[in-house]
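Q: I am new to this structure. Please take a close look at one part of it, then show me how its surroundings are built.

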Amino acid sequence: MVAIGVIGCGAWGTTLARLLAKKGLATTLWEHRPERASVMQQRRENTLFLPGFPFPDTLQVTSNIAEAVSQKDLVLLVTPSQRMRENLRLLKPYLEAQTLLLSASKGIEIGTLKRMTEVVAEEIPDAAQRLAALSGPNLSQEVAQEKPTAAVVAAVEPAVAITCRDLLSTAYFRVYSSDDVVGVELGGALKNIIAIGAGMNDGLGYGENAKATFITRGLAEIARLGIAAGANPLTFSGLAGIGDLIATCASPLSRNQQLGRRLAAGERLADILQSTHSVAEGVTTTKAALQLAKRYHVELPITEQLSHVLFDNQDPHQAVAELMLRDPKGELEGII
């Protein structure tokens, strides 16, 4: 039987673990806190991050990292992006040479500005050729409810992408393969920034025209930075680009969209972050994206204004005014 390990038991990690286990694959979900692992194993449910979705018999929960990683055909990495590196250092001694690694975390490491697969390759160099990234319009709650959606797995080695694709595919979760790791990862990470702004748009009552405009121009920013970093431009018209962007910007299930709504209502960022168990990756990604933009000499006006709102207490109305009154540009400037 194929054996799977899942590192990270937030909503998305738990959802992916259930998906794989329900296919009959022996799946082990790792929770770093022993008391929580024990509770989930006994109750057969993640009541904190994914309540109401019981575990199949083929899903086991452990706080023992060796048990979660050893003798596995595939290990999924689904931790917050800023904790990816420390978790890799924990699991590395138990990782076997043939085990595939699949990152399902969407973020950029602060300081190094590395994508998640770059962090993995740096910490575990011999895994670089058996490494892939997963992204797409995949809100955890809807996937757990088995509502139909699709995703994309990208890897440098086509066989790795295809293997991961086939393991994850179900009647409700259709997975495609790609060789554009840069584009798939940056699309998944950067869209969280735009989702914060889309939530602010909803909270401020600016309407559907403004929201459509914001999402479209947000996609232009994602594409500009992605292309400068070496991505295939067409990736941003796919599941990891516009697909993920639409889902995250439009749905109230999106953590980043909800954060934007709450900012528009006048709540302080620190209070919002303290009040939620889940990580809104768009906050840290905003900082990283602006640093990447400087590296590649790319303009990110939306991200810049959102940074002022998030970290400089700028009024969201002022941010909108700054964007609307910028010097006129060609629509595709910086993209083609």
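A: Thr 163 is found in helix H7 (residues 158-168). Helices (H or I, at least four residues) and strands (E, at least two) are DSSP runs, numbered from the N terminus. The model is predicted, so local features need pLDDT of at least 70 and side-chain atom pairs count only at pLDDT 80 or more, while totals for chains, interfaces and linings use all residues. Residues are numbered from 1 along each chain as its sequence is written, and side-chain values use heavy atoms, leaving out hydrogens and water.

Thr 163 is partly exposed, because its relative accessibility is 34%. Buried means under 20% relative accessible area, exposed over 50%, and partly exposed in between (1.4 Å probe, protein chains only). Val 153 sits 10 residues from Thr 163 in sequence, and their C-alpha atoms are 9.6 Å apart.

Next, the cysteines. Cys 164 is buried, because its relative accessibility is 0%. Cys 249 is also at 0% and so is buried. The disulfide count is zero, where a disulfide is a pair of cysteine sulfur atoms within 2.5 Å.

Now the sheet. Eight strands form an open, mixed sheet, in the order E3-E2-E1-E4-E5-E6-E7-E8. Strand E3 (59-62) and strand E8 (173-178) are the edges, each pairing on one side only. Neighbouring strands are turned by 25 degrees against each other on average, direction ignored. Two strands pair if DSSP finds at least two bridges between them. Strand E2 (residues 26-30) runs parallel to E3, joined by four bridges. Leu 29 stands opposite Val 61 in E3.

Helix H5 (residues 116-123) lies across strands E4 (74-77), E5 (100-103) and E6 (131-135), at about 160 degrees to E6. Axes are lines fitted to C-alpha atoms, for helices over the stretch in contact, and angles run from 0 to 180 degrees between N-to-C directions. In helix H4 (residues 84-91), the buried residues are Met 84, Arg 85, Asn 87, Leu 88 and Leu 91. They fall within an arc of 165 degrees seen down the axis of H4, so they line one face of the helix. The arc is that of the directions from the helix axis to the C-beta atoms. These buried residues pack against strand E1 (3-7), E2, helix H3 (65-69), E4, E5 and H5. Contact means heavy atoms within 4.5 Å.
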